[in-house]
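Trainee: I have a model open and would like to learn how to read its side-chain features. Could you walk me through a few?

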Amino acid sequence: MAKRRHITGEQIHFRSTLTWFVSSPTEQFLSHFADTLLTQGRLSIGQQQLKILDVNIPRTPSFQPNMQFRCLSPIVMSAVRESEGKRRTHYCLPDDPELSELIYQNLIRKHEAIHGSAPQNDALKFRFDSAYIKRKQRRVTRLVDFKGIKIRGILCPFQVSGSPALIQVGYECGFGDKNSAGFGMAEV
């Protein structure tokens with residue numbers, strides 16, 4: 001994130017201080033990562049050396065059965081569907097009737113990978129803010145070229161209701177697919 005940036009082709013030129021958000025369900029990783037950044041004072045991204053000015057660890061929110069979030073990066077949810085006799089990756093749009101169920105299944109898999117089991121309360125409903133979508137003059141989807149692959153994501157506030165444990169997994173790991181590529185990060 002940067003207040004002033006300019007995109008030229010495949011390059012981003014930052015003209016102000018930038019803020020980098022990192023999230024993980026593993027607190028020990030975050031602690032070591034923050035210590036390393038502060039100790040080394042620099043971060044290499046490609047050929048660029050960035051000076052670390054500060055490291056902040058925000059307070060973990062209290063996870064409730066009903067929460068509203070704002071996307072920090074597009075949410076990607078894909079499904080393999082048959083089209084013209086071929087199986088193809090389909091990127092869900094905000095009005096896709098399967099979106100909530102796909103995000104729910106994705107969060108269950110993440111919870112099982114982290115904790116070794118599904119949560120006791122495993123109910124979950126996910127929906128994008130329809131009033132926000134109606135108000136926006138431009139689309140809320142973004143087409144991102146990631147290493148030559150076109151990925152469609154959704155950048156829109158959303159509400160999640162159900163299991164606080166699953167909501168926490170979404171907050172810490174990312175909602176939807178391709179989280180390791182930076183997709184699906186949100187803030188309360």
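Mentor: Let's start with E84, which counts as exposed because its relative accessibility is 74%. The scale runs like this: buried is under 20% relative accessible area, exposed is over 50%, and partly exposed lies in between (1.4 Å probe, protein chains only). Keep in mind that this is a predicted model, where local features need pLDDT of at least 70, side-chain atom pairs count only at pLDDT 80 or more, and totals for chains, interfaces and linings use all residues. Residues are numbered from 1 along each chain as its sequence is written, and side-chain values use heavy atoms, with hydrogens and water left out.

Trainee: Which residue forms a salt bridge with E84?

Mentor: A salt bridge here is a side-chain nitrogen of Lys or Arg within 4 Å of a carboxyl oxygen of Asp or Glu. For E84 the partner is R88, with the closest N and O atoms 3.9 Å apart. R88 is partly exposed, at 39% relative accessible area.

Trainee: How many salt bridges does the rule give?

Mentor: Five. One of them joins the side chains of R81 and D96 at 3.2 Å, N to O. R81 sits in strand β6 (residues 78-83) and D96 in the loop between β7 (86-91) and α2, 15 residues apart, so the pair links distant parts of the chain. Helices (H or I, at least four residues) and strands (E, at least two) are DSSP runs, numbered from the N terminus.

Trainee: Is D96 buried or exposed?

Mentor: D96 is buried, at 11%, whereas R81 is partly exposed, at 25%. R81 and D96 also belong to a salt-bridge network with E98.

Trainee: How many aromatic pairs are there?

Mentor: Rings of Phe, Tyr and Trp (its six-membered ring) pair if their centres lie within 6.5 Å; planes under 30 degrees apart are stacked, over 60 edge-to-face, and the rest tilted. Searching the whole structure turns up eleven pairs. Among them, F158 and F175 are edge-to-face, with 5.0 Å between centres and 70 degrees between planes. Both F158 and F175 are buried.

Trainee: Which residues touch the most other members of the largest nonpolar core?

Mentor: A nonpolar core is a set of buried Ala, Val, Leu, Ile, Met, Phe, Trp, Tyr and Cys residues joined through side-chain atoms within 4.5 Å. In the largest one, with 27 residues, the answer is F126, F158 and F175. Helix α2 gives the most to this core, with six residues.
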